[in-house]
Amino acid sequence: MAVTRSRQEPPAPLRQRIVEVDALRGFALCGIFLANVMVMSGIEGTRGGGPLTDGVHHVALWLVTMLVHTKFYLLFSFLFGYSFTLQLTSAERDGARFAPRMLRRLLGLFVLGVLHAALLYPGDILTTYAVLGLILFAARDAGPARMWRAALRVYGAVAALYLFAATGVALLDPADEGEAAELAARAADLTAAYRGGAGDVLRANIGAWPDILVGMLMMGGMVVTAFLVGCAAGKRRLLTGLVGRTDRLRRILLAGLLVGLPGGALMAAGTVGPMSARWEIPMFVVGMVTAPALTAAYASGLLLWFTTPRGAALAARLAPAGRMALTNYLTQSLAMALVFTGYGAALYGRVGAATVLAGALLFYVCQLAVSARLMRRHRLGPVEWLLRAMTLWGRPGRRPARPHA
């Protein structure tokens with residue numbers, strides 16, 4: 001005799017989230033913000049000697065370039081790959097087909113990314129994730145060992161290409177005065193646009209898309225590498241049961257610092273100073289190639305800390321922001337647009353790096369507090385709810401109907 005479910009039967013419990021994954025995502029959210037705010041404020045690309053990069057402002061820009069730039073989008077990419085496996089598990093648990101779910105999710109990310117890049121911040125990462133996520137989707141049935149080998153091959157090919165190009169640039173003569181004048185004129189036009197009206201800001205954002213596309217192509221190999229490493233880690237559930245993996249995490253932390261810190265310092269020396277402009281691109285490439293090492297050190301160090309009582313308390317503070325990272329990411333861009341563009345105060349190019357950095361950290365602390373409050377009352381952030389609805393093609397929270405046996 002078939003057993004029917006009582007109307008009074010309580011709903012199935014919410015699926016338990018992995019606190020370490022959410023906490024790492026919350027930490028990455030801060031790094032992404034610090035990198036983006038330097039671009040949105042008009043500071044990124046400013047070398048030592050400029051009026052807004054002297055003294056403490058120069059030191060702040062140098063440290064952000066060394067420790068933050070090109071490191072945190074890789075951590076976000078790793079977590080995207082890890083969460084991809086959680087989406088697979090969720091679909092299996094619900095008895096739903098994974099392919100339509102994930103394709104709708106990637107489409108939703110792409111649409112959000114295009115709107116974000118046009119209206120708020122042209123350096124959007126969501127469109128990159130949506131497009132390159134198709135590679136991860138195609139490789140979803142590969143085993144973790146195969147994914148790890150593929151990640152190493154992609155990284156090796158990309159790093160070799162980067163270093164070859166950087167060597168060629170280093171051997172060439174530095175840019176002539178005409179090219180420098182052209183760059184200065186473009187910077188002046190961009191400053192005028194971001195200090196203008198809303199229409200000027202919109203046109204400047206869309207006008208930056210070709211340059212952003214080039215940057216996306218440059219970053220693409222590193223993003224795919226991080227995707228594959230994260231997916232392999234997710235298939236092996238490496239971020240659960242950390243206590244037995246502390247020795248390996250310590251080795252990764254030490255090796256990552258030994259490689260990543262010098263690479264980051266060279267990147268800062270070449271792009272901010274004191275190296276001449278001739279070394280800007282080569283040293284930037286060195287920083288990009290070594291960035292995964294410092295990213296791995298950050299992640300390993302935090303995971304080690306999370307195994308301690310104080311670290312567990314930190315993870316509990318970071319996790320709510322990580323649970324609604326997409327909402328927080330877009331909110332950060334809205335805040336930056338209101339402060340630095342003609343949407344609001346139009347402070348583009350008018351504030352020093354140290355001031356911008358302090359303001360961004362204060363805003364992030366506020367986001368931690370707001371996220372904790374919201375996540376005590378709700379399961380999903382507003383944008384996460386919208387993306388989840390598109391993924392499921394239905395209202396989040398309702399369990400899909402299972403076929404009768």
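Predicted model: local features only at pLDDT ≥ 70, side-chain atom pairs only at ≥ 80, totals over all residues.
**Entry 1: the pair in α8**

I began with Arg 203, which forms a salt bridge with Asp 200, the closest N and O atoms being 2.8 Å apart. By salt bridge I mean a side-chain nitrogen of Lys or Arg within 4 Å of a carboxyl oxygen of Asp or Glu. Both residues sit in helix α8, 3 residues apart, about one turn of the helix. I take helices (H or I, at least four residues) and strands (E, at least two) as DSSP runs, numbered from the N terminus. Arg 203 is exposed, with a relative accessible area of 57%, while Asp 200 is partly exposed at 29%. My cut-offs: buried is under 20% relative accessible area, exposed over 50%, and partly exposed in between (1.4 Å probe, protein chains only).

Residues are numbered from 1 along each chain as its sequence is written, and side-chain values use heavy atoms, with hydrogens and water left out.

**Entry 2: the other salt bridges**

How many salt bridges does the structure hold? I find 3. Asp 247 pairs with Arg 250, with closest N and O atoms 3.3 Å apart. Those two are 3 residues apart in helix α10 (residues 246-271), so about one helical turn separates them. Asp 247 is exposed at 51%, and Arg 250 is partly exposed at 47%.

**Entry 3: a nonpolar patch**

Back at α8, I looked at Leu 202, which lies in that helix and is partly exposed, with a relative accessible area of 31%. Leu 202 belongs to a nonpolar surface patch of about 730 Å², whose members include Phe 110, Ile 206 and Trp 209. Patches are made of residues with over 30% relative accessible area and no salt bridge; like charges are joined within 9 Å, nonpolar side chains (Val, Leu, Ile, Met, Phe, Trp, Tyr) within 5 Å. Areas come from the Shrake-Rupley method with a 1.4 Å probe, and for residues only the protein chains shown count as cover. Which helix gives the largest share of the patch? It is α4, with 5 residues.

Helix α6 (residues 144-171) reaches 41 Å, close to the 40 Å expected. The cover over the buried residues of α6 includes α9 and α11.

**Entry 4: Ala 337**

Buried or exposed? I checked Ala 337, and at 0% relative accessibility it counts as buried. Leaving aside neighbours within four places in sequence, Ala 337 contacts (heavy atoms within 4.5 Å) Met 40, Leu 120, Tyr 343 and Gly 344.

**Entry 5: the whole chain**

I count 15 helices and 0 strands, and buried residues make up 45% of the 405. Mean pLDDT, the predictor's confidence in each residue from 0 to 100, is 85, and 88% of residues reach 70 or more. Over residues 1-14 the pLDDT is below 50, and it stays under 50 over residues 399-405.

Conventions: Expected span 1.5 Å × (residues − 1).
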